[in-house]
Amino acid sequence: RAKQEGRNSHAFYTEQLTKASVVQLRMQSALYGALASNAFHLVYQPKVDLNSRKAMGFEALIRWHDPLLGFVSPAVFIPIAESAGLIHEIGLWVLRQACMQGRRWLDAGYEIGRIGVNVAGPQLHRPGFVEEVQQVLSDTGFPAACLELEITESMMMQEPEQVIDTLKRLGDLGIMLAVDDFGTGYSSLNYLKKLPIHILKIDQSFVRDLPDDSDNGAIAGAIIAMGQALRLQVIAEGVETEAQARFLSALGCQQAQGYLFAKPAAAEDLGAFLLSPPAAAGQKTVTNAGKDR
Ligand code: C2E
Ligand code: MG
Ligand code: MG
Ligand code: MG
């Protein structure tokens, strides 16, 4: 009887898996075409100083509009691109676009701070990644000091020694390194101490129910205190309310990102967030929230 049940549940899982893989396969083949047909674009979300509320930089986020599937979230298609081996090409495309846009802003005389680009695990682990980044910087003329790469804790835990070496080489180029979604992975404090990183991004799951959720408050406070102790910059993700912003600021957090300040928007819609140099017509402050995509 146990055998029978085992077989049935096996059949059940096979069916579920088949359905899942059909969707995956469809997305995979759509992704192949997407690069060629220009179906991706980037949006940029300002990162603001919590005191001045001015943009200190931007995070580039990929968007995909497929004619049949519609808008597909990167949270859905990036993992599929990773398993299909497409992430290297997509990741490089994102990096190049972001650096080109950054160069255009600099050429137009804006102070943009830094542009953050998300890097997927397989990209970071691939030999030659550092050289590829260097190549994009030299092709586009975008300064390394204006580039920030966002990586997650979990991708640093695989082959830690190799990752530390890769990060050191990126840091030596003058690139800033941020740990994205911090607090959701498993990095030990000892390992964190060894990493050549500059910025911790508090995951939005710890920001969501502030200031009411006292556990989240304690976690956010601990991350901010740890960042200060390790001399790292700390930025909070997913700030949606004034109460969250004030609470984080009181804990010593200096930077934030979130819908309260600005949604991710197309480069041409970000005028209000771009800082003109002091010599030009007065600095603009963050005032309105742009539109997503
Ligand atoms: P992430 O890097 O942690 O990006 C933050 C996500 O939170 C973005 O979602 C952003 O639009 C969203 N967000 C920003 N402010 C708020 C807020 O106040 N409230 C809420 N609820 N959400 C907010 P998005 O653009 O859908 O991206 C999801 C994830 O997909 C990213 O998380 C990142 O892991 C990945 N991703 C996006 N673009 C790229 C890319 O170019 N390359 C790679 N490898 N991954 C990317
Ligand atoms: Mg990110
Ligand atoms: Mg994040
Ligand atoms: Mg995330």
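Asp180 is buried, at 7% relative accessibility (buried: under 20% relative accessible area; exposed: over 50%; partly exposed in between; 1.4 Å probe, protein chains only). The model is predicted, so local features need pLDDT of at least 70 and side-chain atom pairs count only at pLDDT 80 or more, while totals for chains, interfaces and linings use all residues. Residues are numbered from 1 along each chain as its sequence is written, chains are lettered from A and ligands numbered from 1 in the order in which they are written, and side-chain values use heavy atoms, with hydrogens and water left out.

Asp180 bridges two magnesium ions, ligand 3 and ligand 2. The ions lie 4.3 Å apart. The protein donors of the magnesium ion (ligand 3) are Asp180 (OD), Asp181 (OD), Glu237 (OE) and Glu237 (OE), at 2.0 to 2.3 Å. Donors here are N, O and S atoms within 2.8 Å of the metal (3.2 Å for Na, K and Ca); water is not among the atoms, so sites may look incomplete. The donor residues of ligand 3 follow the spacing D-D-x55-E. Asp180 belongs to strand β6 (residues 176-182), and Glu237 to the loop between β8 (233-236) and α10 (242-250), so the pair ties together parts 57 residues apart in sequence. Helices (H or I, at least four residues) and strands (E, at least two) are DSSP runs, numbered from the N terminus. Glu237 is also buried, at 9% relative accessibility.

The largest nonpolar core holds 85 residues. Such a core is a set of buried Ala, Val, Leu, Ile, Met, Phe, Trp, Tyr and Cys residues joined through side-chain atoms within 4.5 Å. Helix α3 (residues 87-107) gives the most to this core, with eight residues. Phe40 and Leu248 are among the residues with the most contacts inside the core. Leu248 touches residues including Leu50, Val207, Ile224 and Cys253, with residues up to four places away in sequence not counted (contact: heavy atoms within 4.5 Å).

Six aromatic pairs are counted. Rings of Phe, Tyr and Trp (its six-membered ring) pair if their centres lie within 6.5 Å; planes under 30 degrees apart count as stacked, over 60 as edge-to-face and the rest as tilted. Phe40 and Trp64 form a tilted pair, 6.1 Å centre to centre, with 50 degrees between the planes. This pair links strand β1 (residues 40-49) to strand β2 (residues 55-66), its members 24 residues apart. Phe40 is buried at 5% relative accessible area, and Trp64 at 1%. Phe40 also forms a tilted pair with Trp93, at 6.0 Å and 45 degrees. Phe40, Trp64, Phe77 and Trp93 form one aromatic cluster.
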